[in-house]
Every structure is written in C-alpha cells, then in structure tokens.
Amino acid sequence: MPELFGRVNRASAAVLAAAGVHCRTRAEHTCCGALHAHNGDLAGARDLARSTIIAFESSENIPIVVNSAGCGSHMKEYPRLFTEDPEWLERAQAFSSRVVDFTEFLATPERLDPLKSRLGRSKSGTLAFDDPCHLCHGQGVRSAPRTLLAAIPGVEVVELEDPEACCGSAGIHSMLRPEDSSALLADKLRDLERSGAQTLVTANPGCHMQWAGGLAQAKPGKQVQHIAEVLAKALEPDAS
C-alpha cells in the first residue's frame, strides 16, 4: 500500500479522523507476509508475521485497522502459521483478535454517525462495489462497504451481477498465470459495463491494480477507486 497507494493510506487516515478516531502507524513495520504465504513461502511468512506482531504488541487492546483486504485476511489467520509453536500461537491469537477491516471498523453506529455528519454531497456519480475475495470470502465482510457507500449523499450505488467472482488478481495469480487472470478480468469488465457504473470501488490493492490495468485498456472514461478515496472525497471541511 505505501509504495503504490500512498494516497489510499492518506485517505484512510482522513476518513478515520472524520469518524473521531485518532490514527497511529508503525513506521518501522514493513510487510505482513501475505504474499509470501500465498506463494507457499511459509518460513518467510512466519518471519514477517513475528515482526508484525512485535511492532503492534505495545499498542495492546487498540484495534488494528487494515485497508487492504488481502493483508487483513492473512493477519486474521496468523494463528494458523504457529500451530506447532505454543508461545507464538498465543501471541498470534492475541494479535489477530484485534485485526479489523477498514470498512468493518467504520460501519458501526459509534463511528458511522460522526462520519455521516461530515459527508457532503458526492460528485462521484454511479458506483459499483466489487467484493475482494479476501474480504467477502476470507473475512466474511460484505455489508459494511455498502453501508458506508450508502451513507454518502448523492451517490447512486448499483450492484454487479456477480460481485463476489474473482477479478483475477488473487495474490500473485495475475503474475504467475496472466492469461487465466486476464480471462477472469474480462468477465468482470463486461459485468461493470452492464451495470452502468462509471466508478468501480474496491478495498484491496491487488484488485485495484488489476481493475486499473483492465479499465485503462478496455474502458476509457471509467475509473477504479479504493472505498477510502470515495469517502475522503466526500468529506466536507471540519467546521471546528
């Protein structure tokens, strides 16, 4: 996220602040290890999981809000990496219990109500949310993104015919099997065209890159945005 989607991280922090949440980051932290695990490098994944746990252990009981569905799904499953290591299993369980997706965290009354008071009328037009596999299947988060989008005045949200079908990114699948990946994306592009939406909304950087590449080639005039960007663009200046 920081290397390719720094703007999404900044938008996420702005939206959290609008919801009354003080956001802190760990500058020393690098990677959660999701892609390593996806590619079968479990030793590397464990090393990165340990460094991630260490980085955030000092913030005990504070939620760990993740704006990347693939990272969040993996981090919620850290205990699976340490089933044969009792010490780290306990630490992984404590860590994973604090991990929450960005949309999941915001779509509760205590955070959504103050956020809604800061949302002005959006100019984003017609939007369609495409469920990242690691969000809907991996984490079971489906309604939260739609709740947030519906809270933006003036936004029309339409549903894709098959929003939970894979876009072809799938971790590093798009690099290992580009032809198969492109075929999956072609189906999604047709789905978006039929929906009439001008903006495709996602919640995962891999999906974001996959959609951006496809739209640049096949659907000029349409765009993809992370849900944090959509929300941030609708924020009105803080009157205080």
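Analyst: Gladly, and please keep in mind that this is a predicted model.

User: Why does Gln139 count as buried?

Analyst: The word buried applies under 20% relative accessible area, and Gln139 has 14% relative accessibility, so Gln139 counts as buried. Gln139 is found in the loop between α8 (133-136) and α9 (143-150).

User: Which residues does Gln139 touch, leaving aside those up to four places away in sequence?

Analyst: With contact taken as heavy atoms within 4.5 Å, Gln139 touches Ala69, Gly72, Ser73, Lys76, Asp101, Glu104 and His134. Gly6, for its part, is 133 residues from Gln139 in sequence, and the two are 24 Å apart in space, C-alpha to C-alpha.

User: What makes the radius of gyration of the protein agree with that of a compact globule?

Analyst: For 240 residues, a compact globule would have a radius of gyration near 18 Å, and the protein has 18 Å, so the two agree. Along the principal axes, the C-alpha trace spans about 50 × 50 × 25 Å.

User: What do β5, helix α12 and β6 make together?

Analyst: Together, β5, helix α12 (residues 205-218) and β6 make a β-α-β unit that is right-handed. The word right-handed is used because, with the strands pointing away from the viewer, the path from the first strand over the helix to the second runs clockwise. The helix α12 lies across β5 and β6 and runs at about 165° to β6.

User: In what order do the strands of the open sheet stand, and why are β4 and β6 said to stand at the edges?

Analyst: The open sheet has four strands in the order β4-β3-β5-β6, with parallel pairing. Both β4 (156-158) and β6 have a single partner strand, so one side of each is left without a neighbour in the sheet, and they stand at the edges. From one strand to the next, the twist averages 35°.

Methods:
Residues are numbered from 1 along each chain as its sequence is written. This is a predicted model: local features need pLDDT of at least 70, side-chain atom pairs count only at pLDDT 80 or more; totals for chains, interfaces and linings use all residues. Side-chain values use heavy atoms; hydrogens and water are left out. Helices (H or I, at least four residues) and strands (E, at least two) are DSSP runs, numbered from the N terminus. Two strands pair if DSSP finds at least two bridges between them. Axes are lines fitted to C-alpha atoms, for helices over the stretch in contact, and angles run from 0 to 180 degrees between N-to-C directions. The radius of gyration is taken over C-alpha atoms; the globule rule is 2.2 Å times the number of residues to the power 0.38. Buried means under 20% relative accessible area, exposed over 50%, partly exposed in between (1.4 Å probe, protein chains only).
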